[in-house]
Amino acid sequence: MNNVLQQVREGVRLSDDDALALAEFADTRALADVASVLRDQGFRNTVTYSRKVFIPLTHLCRDVCHYCTFAQVPRKVMAPYMSIDEVLEVARHGAAMGCKEALFTLGEKPELRYKAARDALAEMGYESTTDYLFAAAKAVFEETGMLPHLNPGNLEPEELARLKTVSPSMGIMLESASERLCEKGMPHYGSPDKVPAVRLQTLANAGIAQVPFTTGILIGIGETRLERIESLLAIRAIHEQYGHVQEIIVQNFRAKPETKMVNAPEPDLNELLWTIAIARLIFGPTMSVQAPPNLSPGVLPQIVHAGINDWGGVSPVTPDFVNPEAPWPHLDELARETASAGKFLTERLTMYPDYAVDLDRWAHPDLHVRMLEMIDAEGFPRIDEWCPGDIDIAPPSEVMNAIVNTPRHVSADIAALLDKASAGEALDEAEIIRLFQSRGDDFTAVVQRADALRAQTNGNSVSFVVNRNINYTNICYFKCQFCAFSKGKLSENLRGRPYDLSDEEIARRTTEAWERGATEVCMQGGIHPEYTGETYINIVRTVKSAQPNMHVHAFSPLEVWQGAATLKMDIAEYLQQLKDVGLNTLPGTAAEILDDEVRDIICADKINTQQWLDVMEAAHSVGYKTTATIMYGHVEKLEHWARHIMRVRELQERTGGFTEFVPLPFVHMEAPMYLKGKARKGPTFREAILMHSVARLALHSQIDNIQTSWVKMGHEGVKACLNAGCNDLGGTLMNESISRAAGTQHGQETNPRQMANLIRRLNRDPQQRSTSYGKVSDERIKAGLAQGELLEIINTPAEKYERKTPSAQLIRNPAPSRASLVDRSGG
């Protein structure tokens with residue numbers, strides 16, 4: 001068997017025959033050693049739990065399992081069912097305590113056995129317990145926002161389909177696939193719903209309905225080790241057909257008073273550890289394996305080593321009604337026990353992360369909006385209320401503390417990746433994803449290594465540029481789903497009225513900016529249907545006529561591409577014309593996510609990934625320096641972040657033209673795709689910090705400057721970023737329209753004095769820079785420090801809002817086909 005274990009360790013699927021043979025293998029330590037390796041391959045340094053309330057909708061049950069105290073007869077319960085009001089009272093209390101799961105546990109089909117159940121259902125207006133469960137779950141979801149997880153027992157396909165509309169996950173414990181346990185004298189005798197074939201059919205029905213499902217086995221009720229393995233293999237066979245089993249629970253029997261099995265021996269620790277390890281070996285590295293922590297107090301580190309990655313639901317509000325003698329551990333205690341095993345305790349939802357990031361397949365559309373509100377890019381729950389642009393919520397203290405903590409248990413693969421990145425080597429997609437997955441001590445190690453590279457590359461200085469944003473028009477014929485700034489025929493309900501700045505207003509703002517110490521104007525806008533390449537040339541001429549020494553940092557690859565197309569010119573030729581009239585550098589916006597799987601959703605008619613890269617490569621060949629950005633936290637996943645960073649690095653290795661990388665967290669408040677329920681609410685604070693840190697690591701030796709956006713992150717947020725690998729605060733701005741239109745509340749200007757004070761409070765050295773990271777004259781610095789108040793801006797109303805150019809003649813990028821998305825996804 002040692003050869004079999006070695007093969008499993010190396011990634012070979014454990015065959016049914018080899019699994020059955022393990023019934024005679026008694027070396028629990030050897031099994032656990034392999035199981036823990038597999039667990040780490042799939043779940044890294046994390047162990048999860050779900051913060052829940054336990055709602056025992058009814059204790060009545062038609063089955064008579066010989067070990068159960070949950071099921072009661074009518075004379076022993078106050079009422080056959082909890083009322084909806086009682087259910088909501090428990091749920092509201094749980095929601096107030098931060099619970100996200102409402103676990104409905106109930107006896108199976110009591111109306112088929114008890115008149116009291118039938119009468120109660122009829123009085124409430126329901127035909128069955130399942131109908132009432134639907135109503136209760138719907139009420140909890142709609143009234144509290146908590147996610148119901150339903151354990152009603154065996155279900156028919158039509159019942160599963162209906163319950164799926166109010167519950168993102170369900171479950172049924174197989175307990176055992178042994179028919180022997182249903183014979184007379186055995187624990188499932190007299191319990192028709194415990195017949196293995198019936199329960200396995202429900203498991204298959206759930207797969208057909210694409211319901212994320214939990215199941216597992218109960219050990220110590222008279223089954224043999226071989227029968228446990230047979231039970232696990234029966235589950236695996238169904239899961240491999242449908243892919244819907246999200247966790248395997250290994251639950252140890254506890255003898256309870258007033259049951260027929262009160263004197264039955266409980267399985268010892270070795271038996272539990274052996275079974276957990278076997279479950280991990282059978283299901284491999286990607287299946288969640290769970291053991292309830294309240295049933296095994298004092299030995300949790302050993303259980304972790306046996307291969308579990310999840311503790312199940314833990315409630316700060318309600319007891320375990322199935323095992324009332326076993327109180328839940330306090331979450332602080334559970335975190336300490338988990339940490340003593342070298343793992344980091346983190347919360348999950350009732351729908352596991354891999355399922356939560358694929359809502360179109362696994363969740364009913366009625367649940368999508370709420371689920372998107374709750375998850376991060378990996379499908380884990382947002383555990384704080386911080387969002388980019390929100391001034392009312394401070395960055396979470398847990399993340400702020402993690403940035404400066406001393407890591408004790410850093411995963412070996414993370415340590416190796418940090419060394420590789422520090423050596424300037426390029427990381428591949430899987431390696432960058434792994435860095436983004438960092439939590440606990442791994443997160444701390446990633447952030448601190450990124451900041452060490454920042455210190456090595458940039459020293460103690462933090463730079464900024466005194467500039468002014470001039471957004472020359474908010475009229476745009478593109479339909480980017482994240483943009484709340486642009487105005488087209490269908491967006492008059494968004495902020496502000498359509499405008500198109502006059503030359504005089506552009507010149508006035510440029511001169512005023514110069515007088516206030518600016519060295520740069522940053523200019524972008526919507527793609528006005530009447531704009532051509534000549535329009536952009538004229539804008540540059542206007543600025544240079546007003547202030548010849550002003551650096552013009554203007555026009556994303558989208559404007560350049562559209563401008564060149566309207567003049568039927570080659571990109572490089574058009575860029576040269578812009579350079580000849582005074583354009584100095586280009587901003588790297590319109591990048592969003594450089595992967596067409598995402599662009600097809602958020603900006604399908606905009607330039608695609610390759611076109612953005614082509615414009616930038618042409619710009620670099622003409623002699624421009626440019627920036628590069630990423631806009632993240634909406635519909636994309638970790639692999640898209642990784643591909644974006646890799647593509648930026650690959651181009652930089654060829655051209656050397658990028659001066660900085662700028663993460664721009666998605667501001668959700670007024671974004672159309674968020675308002676339509678199609679996007680997350682921006683990155684979590686942890687994700688935002690990691691984006692800056694991983695960018696520093698993955699771009700090391702190629703791009704020296706990592707910028708953080710005070711407009712989106714806020715002053716407290718950028719302080720954290722400056723300790724996580726960033727060395728630049730971008731511009732003072734003076735005016736900011738695009739992020740404010742999306743809902744950010746962090747203001748329009750951080751003046752030079754405020755910038756310097758913010759930087760000094762971190763014991764860092766402020767350094768005013770030029771756009772290209774050069775020195776700035778003393779005259780410019782003094783002018784910035786002496787700047788007065790800005791005059792009120794005048795957004796020149798658009799003369800004629802109805803477009804003149806027919807829609808069919810506007811320059812657009814045809815939406816890429818799904819086939820082309822696959823072709824482009826890797827390069």
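**Exercise 1. What is the volume of the second largest pocket, and which residues are the closest to its centre?**

Solution. The volume of the second largest pocket is about 760 Å³. Its lining consists of 38 residues, and the closest to the centre are Gly42, Phe43, Thr286, Met287 and Asp354.

The model is a predicted one: local features need pLDDT of at least 70, side-chain atom pairs count only at pLDDT 80 or more, and totals for chains, interfaces and linings use all residues. Residues are numbered from 1 along each chain as its sequence is written, and side-chain values use heavy atoms, with hydrogens and water left out.

The terms are as follows. On a 1 Å grid over the protein atoms alone, a pocket is an open set of points where a 1.4 Å probe fits, with protein on both sides within 12 Å along at least five of seven lines, and a lining residue has an atom within 4 Å of a point. Grid points are joined across faces, edges and corners, and the volume is the space filled by probe spheres set on the points.

**Exercise 2. Which elements give two or more residues to the lining of the second largest pocket, and how is this lining divided by class?**

Solution. First, the elements are helix H3 (28-43), S1, helix H9 (225-242), strand S6 (245-252), helix H10 (269-283), helix H13 (353-356) and helix H26 (638-655). Helices (H or I, at least four residues) and strands (E, at least two) are DSSP runs, numbered from the N terminus.

Next, the classes: the lining has 19 nonpolar, 11 polar and eight charged residues. Here Ala, Val, Leu, Ile, Met, Phe, Trp, Tyr, Cys and Pro count as nonpolar, Asp, Glu, Lys and Arg as charged, and the others, Gly among them, as polar.

**Exercise 3. Describe the largest pocket by volume, central residues, contributing elements and classes.**

Solution. The volume is about 1,500 Å³. Of the 49 lining residues, Phe344, Leu345, Thr346, Ile383 and Glu398 are the closest to the centre. At least two lining residues each come from strand S1 (46-58), helix H12 (331-340), strand S9 (344-348), helix H15 (365-374), helix H16 (397-404), helix H19 (441-458) and helix H28 (685-698). H12 has the largest share, with five residues. By class, this lining holds 18 nonpolar, 13 polar and 18 charged residues.

**Exercise 4. Why does H26 count as largely enclosed, and how does its end-to-end distance agree with its length?**

Solution. Of the 18 residues of H26, 13 are buried, so the helix is largely enclosed by the rest of the structure. Buried means under 20% relative accessible area, exposed over 50%, and partly exposed in between (1.4 Å probe, protein chains only).

The expected span of a helix is 1.5 Å times one less than its number of residues. For the 18 residues of H26 this gives 26 Å, which agrees with the 26 Å between its end C-alpha atoms. Gly656, with a positive phi near 65°, follows H26.

**Exercise 5. Where is Asn458 found, and with which side chain does its own side chain make a polar contact?**

Solution. Asn458 is found in helix H19. At 16% relative accessibility, Asn458 counts as buried. Its side chain makes a polar contact with that of Arg696, at 3.0 Å. A polar contact is a pair of N or O atoms within 3.5 Å; within protein, one must be able to donate a hydrogen and the other to accept it, and residues adjacent in sequence count only if both atoms are side-chain atoms. Apart from neighbours within four places in sequence, Asn458 is in contact (heavy atoms within 4.5 Å) with Arg696, Asp704, Asn705 and Asn727.

**Exercise 6. Is Pro752 buried or exposed, and how many residues separate Pro752 from Leu785 in sequence?**

Solution. Pro752 belongs to helix H31 (residues 752-760). With 3% relative accessibility, Pro752 counts as buried. Pro752 and Leu785 are 33 residues apart in sequence and 6.2 Å apart in space, C-alpha to C-alpha. The contacts of Pro752, leaving aside neighbours within four places in sequence, are Phe464, Val466, Thr732, Gly784, Leu785 and Gln787.

**Exercise 7. In which loops are Glu592 and Tyr773 placed, and what is the phi of Glu592 and of Tyr773?**

Solution. Most residues other than glycine have a negative phi. Glu592, in the loop between strand S14 (585-586) and helix H24 (596-602), has a positive phi near 50°. Tyr773, in the loop between strand S19 (765-768) and helix H32 (778-785), has a positive phi near 70°. Glu592 counts as buried at 8% relative accessibility, whereas Tyr773 is partly exposed at 21%.
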